[in-house]
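Hi everyone, thanks for making time this morning.

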Amino acid sequence: MTYDVVVIGSGPGGYVAAIRAAQLGQKTAIIERYNTLGGTCLNVGCIPSKALLDSSEHYHNAAEKFTQHGIDVKGLSVNMKQMVQRKNEVVDQTVKGLDFLMKKNKIDVFTGHGSFVSPTRIRIAKADGSTTEIEAARVIIATGSKPITPAVFQYDKKRVITSTEALQIDQVPKSMVVIGGGVIGLELGSVFARLGTKIDVVEFLDRIIPGMDTDCSKELTRSLKKLGMQFHLGHAVTGVQTKGKKVLVEVQKRDSEDKFTLEADYCLVAIGRRPYTDGLGLENAGVITDDKGRIEVDEHLQTNVKGIYAIGDVIKGAMLAHKAEEEGVFVAETIAGQKPHIDYNLIPGVVYTWPEVAGVGRTEEQLKAESIPYKTGKFPFKALGRARASMDVDGMVKVLAHATTDEILGVHMVGPRAADMIAEAVALMEFRASAEDAARMSHAHPTYTEAFREAALAATDNRAIHV
Ligand code: FAD
Ligand code: NAI
């Protein structure tokens, strides 16, 4: 069998690339080693984690906020098995939707482990031991990533777990130590904290979500502490041991000899992910990787071998589903002879805690490092009628604009529905709007989006109305 385009890996990078290639008239095949399509994101990442985040937030609101709203609930309890069951159903429906999309776009799906035999020939090894080989004029590698699990943490998938296992826990644990105060640690940590689990986060650096704006990290720390989460910042885990149904996590203060041990039901390892190229036979195609194991690509996302492209978590850049999707479209269009473009500066980052965190463009730290003159406008949610009505008063919006041109250079927010609100900032920045442009747009009242307008007003000659 010969194809114009063969995609290896069916995550948001791979399946989107396949659909776009098929839309552009290419005879396309996709190879996935698991029985369901959708990759990390749909099966064990974005979608299941958001399902549990929503369920746990409902419980938390019922337990902590309903009384103030004048709603008395008696006999409230968590049915974790049902919560996980609902999450599994959401995943099932979502991945089945992909089977439909593959059929609709006439994309051939091969289930099995794909590996290069040569730059144009791919072998697919099925679970039953049989193999098939297909020919490809162009190959798109979209094999994604796996959690980093250093040997010293003794990852056993039972008590020492990663996000994949945490999504299947069907009894509320009493305690959990989370290694890493990044996105996974905080999202999944807050799921369990809302359900009553004692959470200790050990983070090597001096702040959580280190890649995001410092003010956002401070605001989020405050909110998560209110939820009962404890943070050991500037600490490293030096060893993990399982003892029956318990884990003992040895923690050491950075640059010091001070040590202590945390005991918990689970230890969640969330210190980042590594590109996944195991058994891909890159050597048979002559494709090279960098010192971090990422497939090297040029500005067209083409590897060092002509006709072989790579996208998503397996290459450099943010490990985000929407970044992988953009790159999938980019490569499919490039192969079809078009001239697509991605502005990596305008790919938003979101943390789905509550309040949510979202940011796009440059952070204040980056502007300082690049010596770009800027002005800042901030607006706190507690000053917003909509936020008071819903009792979501934690957080703020920050607009960073160029000191002389007023162009919006970065927008960072912590607050209710920040994940959705950041889209307005992305759109404005795509069109290179000024803070005053944003400030002059009508925003429906009362909405959370008014906080963005107020922050833009604040950045425009300090003209916020409601503070
Ligand atoms: P993946 O989704 O990892 O897909 C790669 C696929 O390739 C896998 O299905 C794998 O089985 C397959 N594969 C690998 N090797 C082979 C082979 N040799 N042959 C055949 N198939 C192969 N990102 C967001 O933007 N928003 C979120 O809310 C979010 N939440 C997340 C929550 C969690 C818990 C985790 C773990 C991640 C989350 N992410 C989120 C990150 C997101 O999941 C990834 O950035 C995204 O899935 C990357 O897409 P991809 O297509 O590059 O790779
Ligand atoms: P991460 O890179 O977000 O955070 C890892 C954290 O662990 C960092 O703060 C780092 O300083 C810390 N760390 C590293 N080594 C450590 C050690 N030995 N001891 C203590 N702390 C240590 O990685 P995470 O949370 O594992 O997520 C992986 C990827 O998945 C991220 O790149 C993220 O983009 C993606 N993701 C995205 C989500 C979203 O968009 N909402 C949700 C979940 C994951």
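I'll go through the ligands, then the sheets, and finish with some details of rings and backbone. One thing before we start: what you see is a predicted model.

Let's begin with ligand 1. It is surrounded by 39 residues, and the closest are Glu32, Thr40, Lys50, Gly114 and Ala321. Which parts of the fold supply at least two residues each to that shell? They are helix H1 (12-23), strand S2 (28-32), helix H2 (39-44), helix H3 (46-64), strand S4 (113-118) and helix H9 (321-335). Of these, H2 gives the most, with four residues. If you sort the shell around ligand 1 by class, you get 16 nonpolar, 18 polar and five charged residues.

Now zoom in on some contacts with the backbone. A polar backbone atom of Gly114 sits 2.8 Å from a nitrogen atom of ligand 1. Ala321 also uses a polar backbone atom, 2.8 Å from an oxygen atom of the ligand. Then there is Arg33, where a backbone N or O atom lies 3.2 Å from a nitrogen atom of ligand 1. And how much of ligand 1 does the protein bury? On its own the ligand exposes 1000 Å², and the protein buries 94% of that.

Let's move on to ligand 2. Here 20 residues make up the surroundings, with Ile184, Glu187, Glu203, Gly272 and Val350 the closest. Helix H6 (183-195) and strand S10 (198-203) each bring at least two residues to this shell, and H6 gives the most, with three. By class, the shell around ligand 2 has 13 nonpolar, four polar and three charged residues.

For the contacts, look at Glu203: an N or O atom in its side chain is 2.6 Å from an oxygen atom of ligand 2. Val350 takes part through its backbone, where a polar atom is 2.8 Å from a nitrogen atom of the ligand. Phe204 has a polar backbone atom 3.2 Å from a nitrogen atom of ligand 2. As for cover, ligand 2 has 840 Å² of accessible area on its own, and the protein covers 77% of it.

Next, the sheets. One of them is an open sheet of three strands in the order S12-S13-S14, with antiparallel pairing. Why is one side of S12 and of S14 left without a neighbour in the sheet? Strand S12 (235-243) and strand S14 (259-264) stand at the edges, and each has a single partner strand, so one side of each has no neighbour there. From one strand to the next, the twist averages 25°. If you follow S12 along strand S13 (residues 246-253), you will find eight bridges in the antiparallel sense. A handy place to look is Lys243, which stands opposite Lys246 in S13.

Another open sheet has five strands, ordered S18-S19-S22-S21-S20 and paired antiparallel. Its edge strands are strand S18 (349-351) and strand S20 (374-380), each pairing on one side only. The twist in this sheet averages 10° from one strand to the next. S18 and strand S19 (residues 356-361) are joined by three bridges in the antiparallel sense, and Val351 stands opposite Val357 in S19.

Pro355 lies in the loop between S18 and S19, and the peptide bond joining Trp354 and Pro355 is cis, with omega about 0°. There is also a cis peptide bond between His445 and Pro446, with omega about -5°. Pro446 is in the loop between helix H13 (435-439) and helix H14 (449-459).

While we are on the backbone, have a look at Leu301. This residue has a positive phi of about 60° although it is not a glycine. You'll find Leu301 in the loop between helix H8 (282-285) and strand S17 (308-310).

Last stop: the rings. How many aromatic pairs does the structure hold? The structure has one. The ring centres of Tyr3 and Phe110 are 6.1 Å apart and the planes stand at 85°, so this pair is edge-to-face. Tyr3 belongs to strand S1 (residues 2-8) and Phe110 to strand S3 (residues 108-111), so the pair ties together parts that are 107 residues apart in sequence.

Terms used
Residues are numbered from 1 along each chain as its sequence is written. Chains are lettered from A and ligands numbered from 1 in the order in which they are written. This is a predicted model: local features need pLDDT of at least 70, side-chain atom pairs count only at pLDDT 80 or more; totals for chains, interfaces and linings use all residues. Side-chain values use heavy atoms; hydrogens and water are left out. A residue is near a molecule or strand if one of its heavy atoms lies within 4 Å of it. A polar contact is a pair of N or O atoms within 3.5 Å; within protein, one must be able to donate a hydrogen and the other to accept it, and residues adjacent in sequence count only if both atoms are side-chain atoms. Accessible areas come from the Shrake-Rupley method with a 1.4 Å probe; for residues, only the protein chains shown count as cover. Ala, Val, Leu, Ile, Met, Phe, Trp, Tyr, Cys and Pro count as nonpolar, Asp, Glu, Lys and Arg as charged, and the others, Gly among them, as polar. Two strands pair if DSSP finds at least two bridges between them. Axes are lines fitted to C-alpha atoms, for helices over the stretch in contact, and angles run from 0 to 180 degrees between N-to-C directions. Rings of Phe, Tyr and Trp (its six-membered ring) pair if their centres lie within 6.5 Å; planes under 30 degrees apart count as stacked, over 60 as edge-to-face and the rest as tilted.
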